[in-house]
Each structure stands twice: as structure tokens, then as C-alpha cells.
Amino acid sequence: SIDRASGCNGKWTAVEDNKLKDAVQRHGDKDWAAISLLVPGRTTKQCCARWKYLDPNRSTVHGK
């Protein structure tokens, strides 16, 4: 079984990414406790950090 306090380690799967996207769409990008409940095995910190990477509205600046 997975310890929710420590969560999963390692790379995120495509299934986890999709669960995260659905959870953020449902709860917005502020309620990480509710979001993490919809992404089994991942902590609130992991979900928040992953969303910063996946967020389609995140502005990126590539080297000039």
C-alpha cells in the first residue's frame, strides 16, 4: 500500500497526468488537498509542483 504522507516517488504516468488535469478542472488550481485526493498516491505538494509543469496557461520564456 502507498503511504499518503510520502506519496509515490518517480515519474508521473500519463494516467496520473490526466487525473491531475481533470482534478484541477474540477476544483481549480488552489485546493490542492481536494485535488490530491483525486490523484491516488500523490501528495498535495507533488500535485501542485506537477501542475506548474503541465499548466497550459503557464507562460514560458525560451532562450533567445
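K52 is found in helix 3, where helices are DSSP runs of H or I of at least four residues, numbered from the N terminus. Please keep in mind that this is a predicted model, in which local features need pLDDT of at least 70 and side-chain atom pairs count only at pLDDT 80 or more, while totals for chains, interfaces and linings use all residues. Residues are numbered from 1 along each chain as its sequence is written, and side-chain values use heavy atoms, with hydrogens and water left out.

K52 is exposed, at a relative accessible area of 55%; here buried means under 20%, exposed over 50%, and partly exposed in between, with a 1.4 Å probe and protein chains only. Together with K45, K52 sits on the face of helix 3 turned away from its buried side.

The buried residues of helix 3, which spans 44-54, are Q46, C47, R50, W51 and L54. Seen down the helix axis, they fall within an arc of 130 degrees, taken from the directions from the axis to the C-beta atoms, so they line one face of helix 3.

Which residue forms a salt bridge with R50? The partner is D17, with the closest N and O atoms 2.8 Å apart, a salt bridge being a side-chain nitrogen of Lys or Arg within 4 Å of a carboxyl oxygen of Asp or Glu. Because R50 lies in helix 3 and D17 in helix 1, the pair ties together parts that are 33 residues apart in sequence.

Key
Helix = DSSP H or I, 4+ residues; strand = E, 2+ residues; numbered from the N terminus.
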